[in-house]
Amino acid sequence: RQLIYNDFLKLDGIPKAVFNYKLGNRSALEWVIEQYRVKVDKRSGIVNDPNREEDESYILELVKKIITVSLETIKVVDGLPSDF
């Protein structure tokens, strides 16, 4: 799997299992991606940009953490007894 962040940042090799850890009806990674999109309010024109210009690696580090947490959580859940 590949995550295209912008024209110059593409993350390859995201394990498919990452998308099995859901928060509601979306995976944790999909949820974070949605939250970090730049949005413009149609009526006011106000731009909501949650990205951090002063820390360019922030989004990359966040994605790495979400992938790790998702995979580790899946391991824990899969290791639980079936009657739990």
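Student: In which element is Val40 found?
Tutor: This is a predicted model, in which local features need pLDDT of at least 70 and side-chain atom pairs count only at pLDDT 80 or more, whereas totals for chains, interfaces and linings use all residues. Residues are numbered from 1 along each chain as its sequence is written, and side-chain values use heavy atoms, with hydrogens and water left out. Helices (H or I, at least four residues) and strands (E, at least two) are DSSP runs numbered from the N terminus. With that numbering, Val40 is found in strand E5.

Student: Is Val40 buried or exposed?
Tutor: Buried means under 20% relative accessible area, exposed means over 50%, and partly exposed lies in between, with a 1.4 Å probe and protein chains only. Val40 has a relative accessible area of 52%, and therefore the class of Val40 is exposed.

Student: Which residues is Val40 in contact with, leaving aside its neighbours within four places in sequence?
Tutor: Contact means heavy atoms within 4.5 Å. By that rule, and with the neighbours within four places set aside, the partners of Val40 are Gly45, Ile46 and Val47.

Student: Which residues form a nonpolar patch on the surface?
Tutor: Patches are made of residues with over 30% relative accessible area and no salt bridge, where like charges are joined within 9 Å and nonpolar side chains (Val, Leu, Ile, Met, Phe, Trp, Tyr) within 5 Å. Accessible areas come from the Shrake-Rupley method with a 1.4 Å probe, and for residues only the protein chains shown count as cover. Val38 sits in the loop between H1 and strand E5 (39–40) and is partly exposed at 49%. The patch, with about 260 Å² of accessible area together, is formed by Val38, Val40 and Val47.

Student: What is the order of the elements from the N terminus on?
Tutor: The secondary structure of the chain comes to two helices and six strands. Read from the N terminus, the elements run β-β-β-β-α-β-β-α.

Student: Why do the buried residues of H1 line one face of the helix?
Tutor: Helix H1 (residues 28–35) has Ala28, Leu29 and Val32 as its buried residues. The arc is that of the directions from the helix axis to the C-beta atoms. Seen down the axis of H1, the buried residues line one face because they fall within an arc of 100 degrees.

Student: Which elements do the buried residues of H1 pack against?
Tutor: One of the elements involved is strand E4, where Ser27 is found; Ser27 is buried at 0% relative accessible area. Ser27 touches Val18, Phe19, Tyr21 and Lys22, not counting residues up to four places away in sequence. As for H1, its buried residues pack against strand E3 (22–23), strand E4 (26–27) and helix H2 (58–79).

Student: How far apart in space are Lys22 and Arg37?
Tutor: Lys22 has its place in strand E3 and is partly exposed, with a relative accessible area of 44%. Lys22 and Arg37 are 15 residues apart in sequence, and from C-alpha to C-alpha their separation in space is 19 Å.

Student: Which residue forms a salt bridge with Arg37?
Tutor: A salt bridge is a side-chain nitrogen of Lys or Arg within 4 Å of a carboxyl oxygen of Asp or Glu, and by this rule the count comes to three. Arg37 is partly exposed at 45% relative accessibility. With the closest N and O atoms 3.9 Å apart, the partner of Arg37 is Glu34.

Student: What radius of gyration does the chain have?
Tutor: The radius of gyration is taken over C-alpha atoms, and the globule rule is 2.2 Å times the number of residues to the power 0.38. Along its principal axes the C-alpha trace spans about 55 × 30 × 20 Å. A compact globule of 84 residues would have a radius near 12 Å, but the chain has 16 Å.
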